[in-house]
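Let's take a walk through a protein model together, starting with the overall picture and then moving to individual residues. Keep the viewer open as you read.

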Amino acid sequence: MVVDVDYVGKQQLKNLLKQFGNGVQLRPTYLVSSGKGVHLYYFLQEPVQLYRNREEVLAELKEALIRRLWNDTSSIRPDSPDIIGIYQGFRCVGSQSKLGVDFPVKAYKLSENRYTLEDIKASIPSCKVDLAPLYEKPRRKSTVTLEEAKELYPEWYEKRIVQGEPKQKSKKQGGTWVCNEALYEWWKRKITEEVKAGGRYFSIMALCSYGLKCGISEQKIRRDAYAFLDHLESLTEDEDNHFSRADVKDALRALKGDRKRLSTIASREWIEDNTKVTIPANKRNYRKQEAHLYLARRKKRI
């Protein structure tokens with residue numbers, strides 16, 4: 001499990017090393033100097049199989065660890081932690097950092113420690129992440145072969161295999177309901193009005209997600225993404241952290257992945273955490289929440 005702490009000055013680095021030494025913070029296996037920050041690598045005792053039913057729990061645990069490590073003693077900007085997911089990639093050790101070719105990414109071994117996920121949770125005071133789902137066995141995929149399915153489910157075989165009909169009905173696209181294009185246009189306005197440095201990369205990923213949800217063509221999504229380049233670059237606060245065409249291109253790689261997963265995994269909460277843009281829940285969700293609270297209060301009175 002890797003945690004990225006940005007905006008680390010000399011004093012902040014001293015603070016972190018002291019806290020690792022006295023046990024205030026969980027000591028990582030490796031500390032990587034990435035340029036303006038550090039990457040903290042916590043090696044695990046055993047590999048964790050990334051079944052989809054485990055992703056949410058692991059993401060919650062990682063977020064709790066990020067918020068524990070990224071604070072006013074470890075970062076010059078403690079109020080802007082980057083809540084990144086479990087699949088986030090990091091600069092390769094030995095490669096060039098943001099500071100240039102004279103400042104390569106370096107790794108320093110701090111311990112021989114290997115941890116369990118329970119160890120990581122125990123290092124976070126008052127951590128309420130439930131690790132139980134990690135021990136639930138995923139549903140097994142069907143072992144029925146196509147030849148057997150042809151005999152067992154002839155109608156399904158004719159429609160899906162012979163005629164090549166998609167799994168979803170036409171009103172769906174890529175496994176998600178197609179939303180009104182106004183949602184996509186609304187997010188474009190959010191990029192212009194509310195996205196700040198630190199959320200620029202993920203704002204383009206969110207643009208991809210909203211585009212897929214709304215049935216926008218890949219060509220238009222790409223065109224719109226590059227149209228934001230000048231604006232997003234103008235938000236630069238740190239000369240070592242410019243936003244370039246390469247960043248847009250990299251974020252657009254999301255379109256080449258699993259479209260169904262991108263359009264669903266980028267939830268309202270995920271987009272809020274990664275872009276720092278507040279997205280209020282829709283009225284329907286508010287009504288559901290109010291109904292649950294009402295029933296809970298009523299049950300308590302009874």
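This is a predicted model: local features need pLDDT of at least 70, side-chain atom pairs count only at pLDDT 80 or more; totals for chains, interfaces and linings use all residues.

The mean pLDDT of the protein is 83, and 83% of the residues reach at least 70.

Now for the overall make-up. The protein has 13 helices and eight strands. Of its 302 residues, 35% are buried. If you look at contacts between residues at least 6 apart in sequence, 70% of them join residues at least 24 apart. The exposed surface comes to about 19,200 Å², with carbon and sulfur atoms supplying 51% of that area.

Strand β2 (residues 30-33) pairs with β3 in the antiparallel sense, over four bridges. Four residues lie between these two strands in a hairpin, and in the turn Gly35 has a positive phi of about 130 degrees. Strand β2 also pairs with strand β6 (residues 106-109), again antiparallel and over four bridges. Tyr30 lets you see both pairings: this residue stands opposite Tyr41 in β3, and its bridge partner in β6 is Lys109. Further along, β4 (residues 96-97) and β5 (residues 100-104) run antiparallel and are joined by two bridges. A hairpin of two residues connects β4 to β5, and Ser97 has Gly100 in β5 as its bridge partner.

Next come some backbone details in the loops. Most residues other than glycine have a negative phi. Against that background, Tyr7 is worth a look, with a positive phi near 55 degrees. Tyr7 sits in the loop between β1 (2-5) and α1 (10-22). Because its relative accessible area is 17%, under the 20% cut-off, Tyr7 counts as buried. Ser126 also has a positive phi, near 60 degrees, and belongs to the loop between α3 and α4. Is Ser126 buried or exposed? With 67% relative accessibility, Ser126 is exposed.

That loop between α3 (117-122) and α4 also holds Val129. At 9% relative accessibility, Val129 is buried. Which residues does Val129 touch, leaving aside those up to four places away in sequence? They are Val57, Glu60, Leu61 and Lys121.

Val144, Leu146, Leu152, Tyr153, Trp156, Ile161 and Val162 make a nonpolar patch of about 650 Å². Two elements, α4 (146-152) and α5 (154-162), each give two or more residues to this patch. The largest share, three residues, comes from α5. Trp156 is in helix α5 and is partly exposed, at 37% relative accessibility.

Finally, we come to the charged pairs. The structure holds eleven salt bridges. In one of them the side chains of Lys188 and Asp224 meet at 3.5 Å, N to O. Lys188 lies in helix α6 (residues 181-193) and Asp224 in helix α8 (residues 218-227), so this pair ties together parts 36 residues apart in sequence. Both Lys188 and Asp224 are buried, with Asp224 at 9% relative accessibility. Asp224 has a salt bridge with Lys220 too, where the closest N and O atoms are 3.3 Å apart. Lys220 and Asp224 are four residues apart in helix α8, so about one helical turn separates them. Lys220 is partly exposed, at 21% relative accessibility.

Elsewhere, Asp250 and Arg253 form a salt bridge with closest N and O atoms 3.0 Å apart. Asp250 is partly exposed at 31% relative accessible area, while Arg253 is exposed at 58%. As a last stop, salt bridges with shared partners join Glu185, Lys188, Lys220 and Asp224 into one network.

Definitions and conventions. Residues are numbered from 1 along each chain as its sequence is written. Side-chain values use heavy atoms; hydrogens and water are left out. Two strands pair if DSSP finds at least two bridges between them. pLDDT is the predictor's confidence in each residue, from 0 to 100. Patches are made of residues with over 30% relative accessible area and no salt bridge: like charges are joined within 9 Å, nonpolar side chains (Val, Leu, Ile, Met, Phe, Trp, Tyr) within 5 Å. Accessible areas come from the Shrake-Rupley method with a 1.4 Å probe; for residues, only the protein chains shown count as cover. A salt bridge is a side-chain nitrogen of Lys or Arg within 4 Å of a carboxyl oxygen of Asp or Glu. Buried means under 20% relative accessible area, exposed over 50%, partly exposed in between (1.4 Å probe, protein chains only). Contact means heavy atoms within 4.5 Å.
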